[in-house]
Amino acid sequence: MRIVDGKVIVCSPGRNFVTLKLVTEDGVHGLGDATLNGRELAVASYLSDHVLPLLIGRDARRIEDTWHYLYTGAYWRRGPVTMAAIGAVDTALWDILGKTLDTPVYQLLGGASRESVMVYGHANGETVDDTVKAVAHYIDMGYRAVRAQCAIPGVLHAYGVGRGQLYYEPAEKGRPLESVWSTERYLDFVPSLFERLRKEFGFDVHLLHDVHHRLTPIEAGRLGKSLEPYRLFWLEDPTPAELQSAFRIIRQHTTTPIAVGEVFNTIFDCAQLIEEHLIDYIRTTVIHAGGITHLRKIAALAELHHVRTGAHGATDLGPVSLAAALHFDLNVHNFGIQEYMRHTEETDRVFPHAYSFQRGAMHPGDAPGLGVDLDEALAAKYPYEPAYLPVNRLQDGTVHSW
Ligand code: GCO
Ligand code: MG
């Protein structure tokens, strides 16, 4: 079953998405998401200029071999552009295999380990009262797990405050927005937010919070400790994770569960975090960590060390990614939770899909392959628009992690 054709489709139905389409000699096509927020065209070029020409003529069933052909064989390894491109090829090949065998991808992975996968939504507000309302809205929609973020008094454009209730989108069209950060104000404010949320909603709903890489390890230890009474499901990205050993400091100070990994690209980015039991949830994704093939290896290592999965699922991960994540989540034994940020209606129309949400959980559906398609004619009506994530600065102007 040879690959005979392929193309990269860049479209912007509400936000930018890069999608790889591979076609076999039997006319079966598979899709892979290759979206890298704010750097979309670099992956599109990597795929069309350097990967697609090498795929023509290869056997689409040789998924493991193709992965190594593109990773081990390319000499240059790792990095978000390379790994998003490899992830897209890998995802498209699993999609093709499923369609060829008339089977949903989760069955190829070993079948369902659960009925459906618990997801969390994003509640955010300009004030604590607004955040309370947003959490209540998610609970009304059936969610059992909600991430809560709130603007911080005296901090301009704090992370996580969206523009709509359901469609939080941090990328801005044109040049990056500049936001301002104050660790002092944040550390003093966040415990009061969760104290209020627990007062309003009790302990039956899972509450999550994303620090978005903004603290030093000792500051993160302090935050985790001050949030212990509110029993978070997890505290996400408390500190930048290039230095994996830094998480030892956080662990020495708090039992608040830690989730990390949405920007990781390979197992090497998280091996120490997992092997030393420095985290509780690994957030690597199909799209940015080299596809289903590589994600399974990360999950297997994590399973040995009691670390569960909690894959990133923001709006910049397209519907093809979300579907791939749901097939993976349904199968993997050490599943924890899946992030689910709803796509806009325009996006959903461009990518018709079989996955569904019900009572706080999702199912990938039973269509053959991944169960997502791309309406190319409609996609063509939404051309690429340059857009970037914000750049963050401390109050004195120093650039800080966003
Ligand atoms: C999350 C993330 C996102 C990212 C975005 C960057 O936990 O969902 O932190 O909101 O900011 O995916 O591209
Ligand atoms: Mg995050």
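In helix α7, which spans residues 217–227, the buried residues are Pro 217, Ala 220, Gly 221, Leu 223, Gly 224 and Leu 227, where buried means under 20% relative accessible area, exposed means over 50%, and partly exposed lies in between, with a 1.4 Å probe and protein chains only. They cover an arc of only 165 degrees around the axis, which puts them on the same side of α7; the arc is taken from the directions from the helix axis to the C-beta atoms. These buried residues of α7 pack against α6, β9 (234–236) and α8 (247–253), contact meaning heavy atoms within 4.5 Å. Helices (H or I, at least four residues) and strands (E, at least two) are DSSP runs numbered from the N terminus.

Please keep in mind that this is a predicted model, in which local features need pLDDT of at least 70 and side-chain atom pairs count only at pLDDT 80 or more, while totals for chains, interfaces and linings use all residues. Residues are numbered from 1 along each chain as its sequence is written, and side-chain values use heavy atoms, with hydrogens and water left out.

Let me turn to α2, residues 63–70, whose buried residues are Ile 63, Thr 66, Trp 67 and Leu 70. They cover an arc of only 105 degrees around the axis, which puts them on the same side of α2. Their packing partners are α1 (40–55), α3 (80–101) and α10 (291–304).

The axes of α2 and α3 come within 10 Å and cross at roughly 165 degrees, the axes being lines fitted to C-alpha atoms, for helices over the stretch in contact, with angles from 0 to 180 degrees between N-to-C directions. The two helices are therefore roughly antiparallel to each other, given that angles over 145 degrees count as roughly antiparallel, under 35 as roughly parallel, 65 to 115 as roughly perpendicular and the rest as oblique.

Helix α5 (residues 128–140) packs with helix α6 (residues 183–201) at an angle of about 45 degrees, their axes being 10 Å apart, and α5 and α6 are therefore oblique to each other. The contact includes Val 128, Val 132 and Ile 139 of α5, together with Phe 189, Leu 193 and Phe 201 of α6.

Finally, is Leu 322 buried or exposed? At 5% relative accessibility, Leu 322 counts as buried, and its place is in helix α11, residues 319–331. Leaving aside neighbours within four places in sequence, Leu 322 is in contact with Gln 338, Glu 339, Tyr 340, His 343, Tyr 355 and Met 362.

Definitions and conventions:
Chains lettered and ligands numbered in written order.
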